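Let's take a walk through this protein together. Have the sequence and the model ready, and follow along one stop at a time.

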Amino acid sequence: MSEKDFIPAPYTTLKEEGSVTYSSPSNIALVKYWGKRENQIPANPSISFTLAACVTKTCVHYKKKAQHSDEFSFDLLFEGEAKEEFKPKINTFLKRIVAYLPFLKDYHFIINTSNSFPHSSGIASSASGMSALALCFMEMEKTFLPNITTNDFNRKVSFLSRLGSGSACRSIEGPLVQWGETSSIKGSSNLYGIKYPYEVHEIFNNFHDTILLVDKGEKQVSSTVGHELMHGHPFATQRFDQAHTNLEKLGKVLADGNLIDFISIVESEALTLHAMMMTSNPYFILMKPNTLSIINEIWKFREESNTHVCFTLDAGANVHVLYPENEKDVVFPFIKEKLVPFCQNGQYICDRIGLGAKKL
Ligand code: DP6
């Protein structure tokens with residue numbers, strides 16, 4: 001498929017007014033997307049667990065403009081209050097997707113959005129936020145072109161979400177979504193995420209992700225800048241090759257449920273992501289002393305307890321603690337006793353693997 005395939009047939013009718021609401025989750029990458037080319041094309045393939053508890057809920061009210069104008073027209077409310085500072089990002093998103101949703105300039109929108117996780121918790125809201133908005137716009141298009149299949153709908157939402165934020169294209173479905181062309185996964189594409197197409201071992205059912213909020217402050221370096229710094233990075237080629245290899249290895253692990261191999265791929269991916277940051281020019285560090293303390297505590301406990309708890313990291317200081325359902329009675333008390341003291345104000349979020357976005 002190419003970008004052109006996402007341009008719709010002409011609409012015959014446009015609804016005057018209506019509203020639509022979606023909830024869309026965040027996701028946590030096991031093999032990380034870090035580095036991109038023009039038009040949000042990833043430099044390497046990635047795969048993520050879709051989450052269940054960390055979601056953005058977005059309601060879009062739409063009303064046809066009296067006259068067509070060449071500007072986008074929308075009000076933006078975040079948790080019930082007008083948020084002017086979020087508008088430029090939405091405007092950029094609308095500009096990127098209007099070729100694929102040509103009705104966008106025909107309407108005035110009231111976009112009302114809220115997150116289930118604490119504001120400024122350092123949890124990336126772009127994945128859940130952009131996908132929730134893309135879902136609402138696609139649902140609108142579906143009222144004009146109702147014959148679209150569920151598969152085509154999901155694929156186009158993922159395609160549109162990617163243009164808002166790369167990782168957002170992995171939030172529509174679950175429990176595992178893969179994005180980026182790679183030879184080991186049939187149907188993989190740089191343009192959209194796909195539901196992982198192979199069988200997954202039952203050990204991953206209900207897998208837990210307890211998110212430890214180590215530092216809720218604004219990141220010193222945004223993901224956008226971080227991706228940019230992979231251009232001309234001395235280890236870029238090796239890193240991109242490694243992601244393909246890790247994805248292939250992870251495929252085997254997802255099938256046979258070998259958690260020891262799972263841990264070694266997932267933790268290595270997390271540390272490699274941060275190693276890329278530390279070796280770029282300019283270099284930077286997003287981990288905090290407490291991030292390292294948590295990692296060391298996890299390693300110590302894993303050794304002593306014979307469990308399969310492990311960690312992964314986003315582009316920030318927070319730690320995602322991953323463990324299977326059948327070990328939660330041992331691992332969760334450990335998290336509360338030994339890891340939560342390293343969190344800012346003792347804050348953490350109990351999340352787990354989820355099934356994707358929902359229409360409300
Ligand atoms: C470290 O999707 O936030 O979370 O495409 O610029 O919006 P943009 O970047 P973004 O990058 C996320 C990177 C990551 C790894 C991952 O989710 O794969």
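Angles under 35 degrees count as roughly parallel, over 145 as roughly antiparallel, 65 to 115 as roughly perpendicular, and the rest as oblique. The model is predicted, with local features needing pLDDT of at least 70 and side-chain atom pairs counting only at pLDDT 80 or more, while totals for chains, interfaces and linings use all residues. Residues are numbered from 1 along each chain as its sequence is written, and side-chain values use heavy atoms, leaving out hydrogens and water.

Start with helix H1 (residues 87-97) and helix H2 (residues 126-144), whose axes come within 12 Å and cross at roughly 50°. Helices here are DSSP runs (H or I, at least four residues), numbered from the N terminus, and axes are lines fitted to C-alpha atoms over the stretch in contact, with angles from 0 to 180 degrees between N-to-C directions. H1 and H2 are therefore oblique to each other. Contact (heavy atoms within 4.5 Å) is made by Lys-89, Ile-90, Phe-93, Leu-94 and Ile-97 of H1 and by Ser-126, Met-130, Leu-133, Ala-134 and Phe-137 of H2.

Now look for the ligand. An oxygen atom of the ligand is 2.6 Å from an N or O atom in the side chain of Tyr-33. For the side chain of Lys-36, the corresponding distance is 2.7 Å, and for that of Gln-40 it is 3.3 Å.

Finally, visit some backbone details. Most residues other than glycine have a negative phi, and most peptide bonds are trans. Yet the bond from Gly-174 to Pro-175 is cis, with omega near 0°, and Asn-39 has a positive phi, near 60°.

Technical notes:
Helices (H or I, at least four residues) and strands (E, at least two) are DSSP runs, numbered from the N terminus. A polar contact is a pair of N or O atoms within 3.5 Å; within protein, one must be able to donate a hydrogen and the other to accept it, and residues adjacent in sequence count only if both atoms are side-chain atoms.
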